[in-house]
Amino acid sequence: MNTTGINNHADALEEFKLGVCYYPEHWPESLWEDDYRRMREIGFSIIRVAEFAWSIFEPKEGEFEFGLFDRALDLAHKHGLKVILGTPTATPPAWLTHRYPEVLNATVEGVVMQHGLRRHYNYSSPKYRELSAIITRKMAERYKDHPAVIGWQIDNEFNCEMGEFYAEADHKAFRAWVKDKYKTLDKLNEAWGTVFWSQTYSDWEQVFLPRIVPGGKQPNPHLALDEKRFISDNTISFAKVQADVLREVAPNHWVTTNGMFGHLNNHQMNDELLDFFSYDSYPQFSTIYFDPNEVNPLADRGWSQSLSAVRSISPQFCIMEQQSGPGGWVNKMDMPSPKPGQMRLWTYQSIAHGANMVLYFRWRTAAFGTEMYWHGLNDYHNQPNRRIREAGKIGAELALSGNRIASTRYKADIALVRDYDNEWDGETDVWHGPFAWASGKAWFKALQYRHIPCDTLFMGAKTTLADLQLYKALVYPHPTIMRDETAALLEQYTRAGGIVIFGCRTGYKDERGQCYMRPFPGAAAGLCGISVEEFTMVKGTRAPVSMTWERRSASGETVVTGADSFNDVLLPEADTVEVVARYASDHYAGKPAVTRNRLGEGEAWYFGAVFNDAAADQIIDLIGLESPAQEWLQLPMQVELAIREGESGPLHFLLNYSEQPAVVTIGQPKTDLLTGQQVSGEVTIEGFGVVVLS
């Protein structure tokens, strides 16, 4: 899979850049020069501006004013700051939505969303596309030769706030999309299984996006899957309107967009439109909604899993918004303030996972508006504070080490596999959807605590054997939808020496979301060498069961783990299949629960339940996966190990997520890249501290 964008500007991330999001339109012009001067003093070299400023650029339709941003950009250039310009289409002005109400989005109930927040438009409106192209062109023509401007961010956070669209224009666009995909109503009816409950369509005008039915929004599941595919394609086609203008008018600038939200194939968008992908990193989102019963929670360390998904899109990427203070809108998302050192820790968390450009959100906390509690580096009073001092320390460190880091890429021997079809289908299908996040988190946690770096790999139609062979092992927890071609590719990978690990509910649906009329696990049956004898949801009065592993612990005790949420009772069909664990209770006690099929030089595992940390630990041991630094580096649980590697060798990032100091043992002489000091033996990493070993 191509994960480097269209690559017009392959050198865009060769040098590390640190900066901040800035809103000159929010502040008296008398503050700008002092702001820019202080940015440079703490090591910032780049700013992002203008992504919400449409009403500044075009206060009335067809009347364009550039004076404010001309002065802001000229002054930025005077102070040696580079600039990313945002196209302002996430916030259409009031004149636009009032004059052209057809551009507004609507709920599934048909209620039109009104002006007053942001992202209240739909991507399908021809008028909105027209006006978006005009403002993009005008801005590009104005700033294509400005010496400060180096790149563009298209829109802002596609599908944030709402990732579903039900305006009249969306129904029309979906109808056209479906007609183009299926060509005939017979093929559409077959794909959606409309003979069920007499849903058969006899005219294209009868086709709509999901609407309210008895029981609420409970659409035909095959329609629901195609809905998500349509939203993704439609979003990308809207972004393309702007990308095409920028490529034409400002070919010397790179193009990106930010955020990673639902119902959007970001890999496709990156491959087709962007030079690299950008993300908005707010680790406290993983901590404000937490399970108090979770054992050994990852908390903000779990954000590394999100960053690994970003890395799957763009191996080296930009953090367009890095959390720098307490976050929150007036009415929601009320986050605590980062403790001393946490902002620095989170910055290096992003960098360790592949970021070669980091911009903090934001320079100064807004004194008004919905986000006036989304704090930036500076407080309202604009006086020196702890966050500014911490940013200055980071700036000084990266001035010395940033480019050495930028020449490297993240390295891992195992990948957690995901795909868009199963994620989108799982939103409707409770028989597999809720399992994917639980299993992915369990595996990520088990790997983190054993200091084994891992990637995320998105499986798609363009995935190649070479993509898979970057890894010793692949964990594909619950790929309910699996094409025969995907199963064949995974079998090639396995026969060549790879290890693939599946969980329950694997392989029994085709790409339409219809169930194969063959034994489970359907497309994966030959690869795994088993069939599913029977299965059950574990819920309500159905008591949880456990499984007993054939291997014993180091002390010789029997190993027992939970068999969570769903149980596939397995039946070996091939002589090459080994039973690794059996169910320990209920009427299927003694039946196979976990199997390993040795195929060629590799092996395919089937785990007949939803993964938990303990089960993942067992499999990690059995496949012989170890920390790549195990021979010379001993780390406590609270420290994450991340590795970036380049021509000059590996960099080992040690990130302490505890407020308490952590003692690590370094068995080989190393240099801490951030301080230049030689380190070996027992080394204490301060609370929320970071060490980068080279």
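## Exercises on cores and a helix

The largest nonpolar core of this predicted model has 111 residues, and Tyr 36, Phe 44, Ile 47 and Trp 192 have the most contacts inside it. Such a core is a set of buried Ala, Val, Leu, Ile, Met, Phe, Trp, Tyr and Cys residues joined through side-chain atoms within 4.5 Å. Buried means under 20% relative accessible area, exposed over 50%, partly exposed in between (1.4 Å probe, protein chains only).

**Exercise 1.** Find which helix gives the largest share of this core.

*Solution.* Look at helix H8, residues 221–249: the largest share, 10 residues, comes from there. Next, pick out Phe 44; leaving aside residues up to four places away in sequence, its contacts (heavy atoms within 4.5 Å) include Leu 18, Met 39, Tyr 360 and Trp 363. Finally, a second, separate core has 36 residues, among them Ala 446 and Phe 607.

**Exercise 2.** Check the span of helix H3, residues 67–78.

*Solution.* Start with the rule: the expected span is 1.5 Å times one less than the number of residues. For the 12 residues of H3 that should give 16 Å, and the end C-alpha atoms are 17 Å apart, so the two agree.

**Exercise 3.** Which residues of H3 are buried, and what covers them?

*Solution.* The buried ones are Phe 69, Asp 70, Ala 72, Leu 73, Leu 75 and Ala 76. Their cover includes helix H1 (32–41), strand E2 (46–49) and helix H5 (126–143). Just after H3, Gly 80 takes a positive phi of about 80°.

**A note on reading the model.** Residues are numbered from 1 along each chain as its sequence is written. Local features need pLDDT of at least 70, side-chain atom pairs count only at pLDDT 80 or more, and totals for chains, interfaces and linings use all residues, while side-chain values use heavy atoms, without hydrogens or water.

Key: Helix = DSSP H or I, 4+ residues; strand = E, 2+ residues; numbered from the N terminus.
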